[in-house]
Amino acid sequence: MNRVSPAIVILGQNSLPIAQKISAVFPGSLIYGLTDRTTDVDINFINFGETLRELFATETPIIAICAAGILIRTLAPLLSDKRAEPPVLAVAEDGSAVVPLLGGLHGVNDLAREIAKALGVEPAITTTGDIRFRTALLSPPQGYYLANPEDAKTFISNLLAGAKVRIEGAANWLSESNLPLAQPAPTGAAPTERIAPDAQLTIRITEKAQAPTPDCLVYHPKIATFALAQLSNIEPEIAILFVQQALGKSGLARDSIAGFFALKHEMGNPALEAIAHFFKAPVRFFNLPELVEFDSAKLIQYNANFDVTAAQIALTAAGENSQLVEYDRANQLSCAIALAPEPLDVSAIGVSRGQLAIVGTGPGGAAWMSPEVKEILREATDWVGYKFYLDLAGTLREGQQRHDSDNREEIDRARFALDLAASGKSVAVVSSGDPGIFAMAAAVFEAIEFDGKPEWDGIDIRVAPGISAMQAAAAAIGAPLGHDFCVISLSDILKPWEVIEGRIAAAATADLVIAFYNPISKQRTWQLSRAIEILLQVRSIETPVILGRNLGRIGQSVRVCTLGEFRPEDADMRTLVIVGSSQTRIIPRKYGDVWVYTPRRYSVSEIN
């Protein structure tokens, strides 16, 4: 079964060998290393506390190679609901100790055993039930759901006190445990005496909906595949009610649903999305040719007015040796439910709804990225972008694919990313700065408008903002964008220079602070000079100009000059230029540097 890959956090280079041993056990895991103290890691971080709290908040398992006390003090303010806590473990720098701290309901002890085995030590597990019974009844393995966790604590206490338990149903993880099983009834006993007569407690594995009791823990295996067809024009509320009714007819527990399944043309259907959200189960899709053959005559026992497609979808998802248990149709909406012989790994069935996230990494590296962008990059299957920007995004984890392209191929890049997402991939289109400012977000939506393919309609598209270069430059020198401002690109590749000239003149006349993107390049050498000429027709030669270069990267520089001093050779393609308004001020600092800001209040009398 799939699980979230852990983050392995180290504070010094001496911890890297142990981190690499642990990483080899968990494909997809990332090694986080403290900047300036570690090399050859996947992700660098500056602030240990912020990084750990960010990972914890996103429910990422944390394996920190450091003292347990540091972890406890860092995460203590976030502890409120143990059912929502991801696994958190402390590992000694030399690998001699593996200590599970948090996440008992999410398999932290099993994680500790795997790490300890790789390091050749014994895990420091202190949970009495886990130690004695070699299983965690409160945190069953993926594919099983505990229906009554509120009864588990007392149940485990009774087991520890000597009570015997019988197991109804089959589950390998229980049969391989050290639970104190009641003795089976002797051969030839009466039917009412055949089930472990000395058992005070029961563990029941069933896909059926049942009311649990304090002396019976009920686990639902996720073996039910719920197929839906003919979803067009169905209101989400009606679709949810239909699924509830089908579950009621079949007697199945909602937590036995492994997933919902449909044909690819239903991707993005609001009714299907609402069902998945309401029942907290994934949705997967098939192409029609992928469906197994099915004798439609078998459906008559369920409903004379049937659509064989739903049954085919359910059986295809459930796999070999599955059986159809329910079929229904109402208001053109068809459903079928099949049961698999074992819990299902839904991520390996069909394809998911394609996702396309257009992200901005900020002007520099990981320190400039938002938590949302970091999570998207971590979870995406594919990264698409200009090579330089992909380099800024960081290191790929195992299983991710990187697709580089030239910086001038924005529309082709957008089409390629959309096609990838339409195939079921989770794609991150990577821009620097903010993706909605002279970057890839507009290119993606342009491709959708003018080249739209039917298969793109079902893609889940979102834009994740980043820190723009103008914000980074402004923050480095003070607050030059403190009042009204505008943003103009001096590149005339996609718009006529006459338009750019008109906008510069209008912005100068309106007395706006102006942020210039793409000020100059090898092919465009005269445009910046002309922009300065236009500005000097209206602006004073004393107007402050900020030049921010390589913002957030190695070699960053931010300097201030006046408009009269400013020359085109002062900038290049990696420079962001901010030209102040008549109100923009320069404040000298004690040791020769300056602050630049534009007051929030605008005084007309000062410029008249």
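In this predicted model, helices H16 and H17 cross with a right-handed sense. Two packed helices are described by the angle between their axes and the distance between the axes. For H16 (residues 497-509) and H17 (residues 527-536), the axes come within 9 Å, and the crossing angle is roughly 35°. On the H16 side, the contact is made by Trp497, Glu501, Ile504, Ala505 and Ala508. Their partners in H17 are Gln527, Arg530, Ala531, Ile534 and Leu535. By class, the residues of this contact comprise seven nonpolar, one polar and two charged.

Empty space is considered next. Rolling a probe the size of a water molecule over the atoms shows where empty space is left. One cavity of 30 Å³ or more is found when the whole structure is searched. The volume of the largest cavity is about 60 Å³. Its lining consists of Tyr32, Ile43, Asn44, Phe45, Thr51, Glu54, Leu55 and Lys374. Strand S3 (43-45) and helix H2 (48-57) each contribute at least two of the lining residues.

The second largest pocket holds about 1,600 Å³ of space. It is lined by 44 residues, of which Tyr389, Asn407, Phe438, Asn518 and Met573 are the closest to its centre. Five elements each supply at least two residues of this lining: helices H12 (387-393), H13 (410-422) and H14 (440-451), together with strands S19 (426-431) and S26 (575-579). Helix H14 provides the largest share, with four residues.

Charged pairs form the last topic. Side chains of opposite charge can pair when their charged atoms come close. The model has a count of 16 salt bridges. One of these joins the side chains of Arg204 and Glu168, with an N to O distance of 2.7 Å. Arg204 belongs to strand S9 (residues 201-205) and Glu168 to strand S8 (residues 165-168), so this pair ties together parts of the chain that lie 36 residues apart in sequence.

Key. Residues numbered from 1 in each chain as written. Predicted model: local features only at pLDDT ≥ 70, side-chain atom pairs only at ≥ 80, totals over all residues. Heavy atoms only, no water. 1 Å grid on protein atoms, 1.4 Å probe; cavity = no way out; pocket = protein on both sides within 12 Å on 5 of 7 lines; lining within 4 Å. Points joined across faces, edges and corners; volume = space filled by probe spheres on them. Axes fitted to C-alpha atoms, helices over the stretch in contact; angles between N-to-C directions. Left-handed = near helix turned anticlockwise from the far one by under 90°. Contact = heavy atoms within 4.5 Å. Nonpolar A, V, L, I, M, F, W, Y, C, P; charged D, E, K, R; others polar. Salt bridge = Lys/Arg side-chain N within 4 Å of Asp/Glu carboxyl O.
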